[in-house]
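Trainee: I have the sequence and the model open. Take me through the contacts and the backbone, please.

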Amino acid sequence: MLPAKKYDVIIIGSGLGGLLCANILALKGLKVCVLEKNKQFGGNLQTFARDKQIFDTGVHYIGGLEKGQTLYQIFKYVGLMERLKLEKMEECFDKILIGEDANIYCQAQGYESFIKHLTKSFPEEEDNIISYCDKVKEICASFPLYNLMLNADASYKGNNESAEATIASITNNKKLQAILAGNNLLYAGEADTTPFHVHALITNSYIESSWKCVGGGSQIAKILVANIRKHGGEIFRNREVIAISERDGMITDVTIADGEILRSKYFISNMHPPQLLRLLLLH
Ligand SMILES: Cc1cc2nc3c(=O)[nH]c(=O)nc-3n(C[C@H](O)[C@H](O)[C@H](O)COP(=O)(O)OP(=O)(O)OC[C@H]3O[C@@H](n4cnc5c(N)ncnc54)[C@H](O)[C@@H]3O)c2cc1C
């Protein structure tokens, strides 16, 4: 017979998603356990140093952290806002350079500034730049969870049209198209397959407000890990989940690399989906 369930929820992976989930559930009184395979917590929140200079691996700058904005409310709920060392970025949160063109094109915080800066570079495109901003705002308004609302009726009913096609339908100017999509590294954008809503949700958060973590993004992980423990949760590093077991259609336990088996009522995967599928297909 398997030992009694020790946890309400086991979360596999300590990236930002896993740590936020664990914090919210621990705050609600559930007994959570986070299992991280690496020696550092945080996934893409990890930092490293070269010649005393700190480098972020993933999270270099963050959008939507102005009071009242979406990420601000989530970070405040889990006790991050009081403790994070943040610095607002300069007005142009991204400066786009293109080929031999000596100009620097600015993506600015605040829709008014965003329109003003790009219109200065492309005066004849002002109406199209405004249309682009309206489209981004319209798409973002159609995602209830993005706006912290649980209104299923209002959920996104878009057509998954690609970012490339949507931007091209707003302006014929190839250079402006490239500048509007210029920070697509943020979401590993692919010209013809990335949907416009992915582009819009991410770009909108930076236009709303853009911030840097002073001293690196790993402070987010440190605070969230401490809070999990403060609220009675457990979190372990160097604990790779190598198998997930199922009985009668329900996940029952996970196996750690050292052979230990952990049971729980619920399981949340914070792994990259293909990694999770590989584990599930082991059966
Ligand atoms: C190069 C780069 C730059 C980025 N720049 C920014 C930016 O400037 N601003 C921004 O907001 N976002 C940025 N992002 C995106 C951001 O970093 C991610 O969206 C976010 O950190 C992802 O968090 P996550 O929890 O989904 O996943 P991850 O951070 O990937 O966490 C997954 C965790 O699961 C663990 N794991 C995997 N398999 C197992 C297993 N079998 N057992 C136990 N643990 C396991 C991993 O070790 C990892 O710690 C960037 C991403 C990259 C890659």
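Trainee: Which side chain meets that of Lys-88 in a salt bridge?

Mentor: First, the ground rules: the model is predicted, so local features need pLDDT of at least 70, side-chain atom pairs count only at pLDDT 80 or more, and totals for chains, interfaces and linings use all residues. Residues are numbered from 1 along each chain as its sequence is written, and side-chain values use heavy atoms, with hydrogens and water left out. A salt bridge means a side-chain nitrogen of Lys or Arg within 4 Å of a carboxyl oxygen of Asp or Glu. At 2.6 Å, N to O, the partner of Lys-88 is Glu-66.

Trainee: How many residues apart in sequence are the parts that Lys-88 and Glu-66 tie together?

Mentor: Lys-88 sits in strand β6, residues 86–88. Glu-66 is in the loop between β5 and α2. Helices (H or I, at least four residues) and strands (E, at least two) are DSSP runs, numbered from the N terminus. The parts tied together are therefore apart by 22 residues.

Trainee: What is the relative accessibility of Glu-66?

Mentor: Buried means under 20% relative accessible area, exposed over 50%, and partly exposed in between (1.4 Å probe, protein chains only). Lys-88 counts as partly exposed at 41%. Glu-66 also counts as partly exposed. Its value is 30%.

Trainee: Which residue pairs with Glu-234 in a salt bridge?

Mentor: The N to O distance is 3.5 Å. Glu-234 lies in strand β10, and its partner is in the loop between α1 and β2 (32–35), so the bridge ties together parts 203 residues apart in sequence.

Trainee: How many salt bridges does the structure hold?

Mentor: Side chains of opposite charge can pair when their charged atoms come close. Here Arg-239, Asp-258 and Glu-260 are linked in a network of such bridges. The total for the structure is eight.

Trainee: What is the phi of Asn-238?

Mentor: Asn-238 lies in the loop between β10 (234–236) and β11 (241–247). Its relative accessible area of 55% makes it exposed. Asn-238 is not a glycine, yet its phi is positive, at about 55°.

Trainee: Last, the whole chain. What share of its residues is buried?

Mentor: The chain has nine helices and 13 strands. Its C-alpha atoms fill a box of roughly 75 × 45 × 35 Å, taken along the principal axes. Of the 283 residues in the chain, the buried ones make up 43%.
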